[in-house]
Amino acid sequence: MPAAVLPSVLSGMRRQLSAEGRLEALSSLAAGADQLFADIALANGVPVTAVIPGMDYEAHLGDAETRAAYRRLLGSCATRVDLPVEDTHEEAYYAAGRWIVDHSDRLVAVWDGRPARGPGGTGDVVAYARRTGVPMTVLWQPGVGRD
């Protein structure tokens, strides 16, 4: 996520997670927006459900700092959902995104409006949410491209 979008993304997440009523956040706890969303949810007292793609997920999360943040967040989650193993990592990511959409009243997507870089990316999950009629809030700074 480009640094230029971070302030608007953070304020949008805070706004979404401070709404009145009973809230629950669903996240795969991936590096970037997923971990930010879970952190903000927990800071606001919103329980988080970790949706773990069916693969050797932690090993593919990136550097040691990202994996440590994943383990910290996972330990703070109210619920953990481990999805069935998929044939490819892309299919596992997409299955997790669909599960989140299918179990959400609203999707909060950090998305620049461009197609997914690979199968199962944010663009694919947003398209799935649109096809299934799940309301969505897209957070991004207009005019800023992704890295």
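**A helix pair and the strands around it**

Guide: Helices H2 and H3 cross in a left-handed sense, a label that applies when the near helix is turned anticlockwise from the far one by less than a right angle, with clockwise giving right-handed. The model is a predicted one, in which local features need pLDDT of at least 70 and side-chain atom pairs count only at pLDDT 80 or more, while totals for chains, interfaces and linings use all residues. Residues are numbered from 1 along each chain as its sequence is written, and side-chain values use heavy atoms, with hydrogens and water left out. Helices (H or I, at least four residues) and strands (E, at least two) are DSSP runs numbered from the N terminus.

The axes of H2 and H3 come within 11 Å and cross at roughly 35°; axes are lines fitted to C-alpha atoms, for helices over the stretch in contact, and angles run from 0 to 180 degrees between N-to-C directions. On the H2 side the contact (heavy atoms within 4.5 Å) is formed by Gln 35, Ala 38, Asp 39 and Leu 42, and on the H3 side by Thr 66, Ala 69, Tyr 70, Arg 72, Leu 73 and Ser 76. By class, this contact has five nonpolar, three polar and two charged residues. Ala, Val, Leu, Ile, Met, Phe, Trp, Tyr, Cys and Pro count as nonpolar, Asp, Glu, Lys and Arg as charged, and the others, Gly among them, as polar.

Leaving aside residues up to four places away in sequence, Thr 66 touches Ala 31, Gln 35 and Leu 61.

Helix H2 (residues 33-43) forms a right-handed β-α-β unit together with E1 and E2. From E2 the chain continues through H3 (residues 64-76) to E3, again as a right-handed β-α-β crossover. Right-handed here means that, with the strands pointing away from the viewer, the path from the first strand over the helix to the second runs clockwise.

The strands concerned make an open sheet of three, ordered E1-E2-E3 with parallel pairing; two strands pair if DSSP finds at least two bridges between them. E1 and E3 are the edge strands, each pairing on one side only. On average, neighbouring strands of this sheet are turned by 20° against each other, direction ignored. In general, strands of a sheet pair through backbone hydrogen bonds, either parallel or antiparallel.

E1 (residues 25-27) and E2 are joined by three bridges: Ala 25 has Val 48 of E2 as its bridge partner, and Leu 26 stands opposite Thr 49. Between E2 and E3 (residues 79-82) there are four bridges, and Val 51 is partnered by Val 81 in E3.

Strand E2 (residues 48-52) is largely enclosed by the rest of the structure, because five of its five residues are buried. Val 48, Ala 50 and Ile 52 point one way from the strand, whereas Thr 49 and Val 51 point the other way.

E4 (residues 107-110) and E5 (residues 136-139) run parallel and are joined by four bridges, with Leu 107 opposite Met 136. The chain passes from E4 through H5 to E5 in a right-handed β-α-β crossover. Ala 109 has Val 138 of E5 as its bridge partner. After H5 comes Gly 133, with a positive phi near 80°.

Methods:
Buried < 20%, exposed > 50% of the residue type's maximum accessible area, 1.4 Å probe, protein only.
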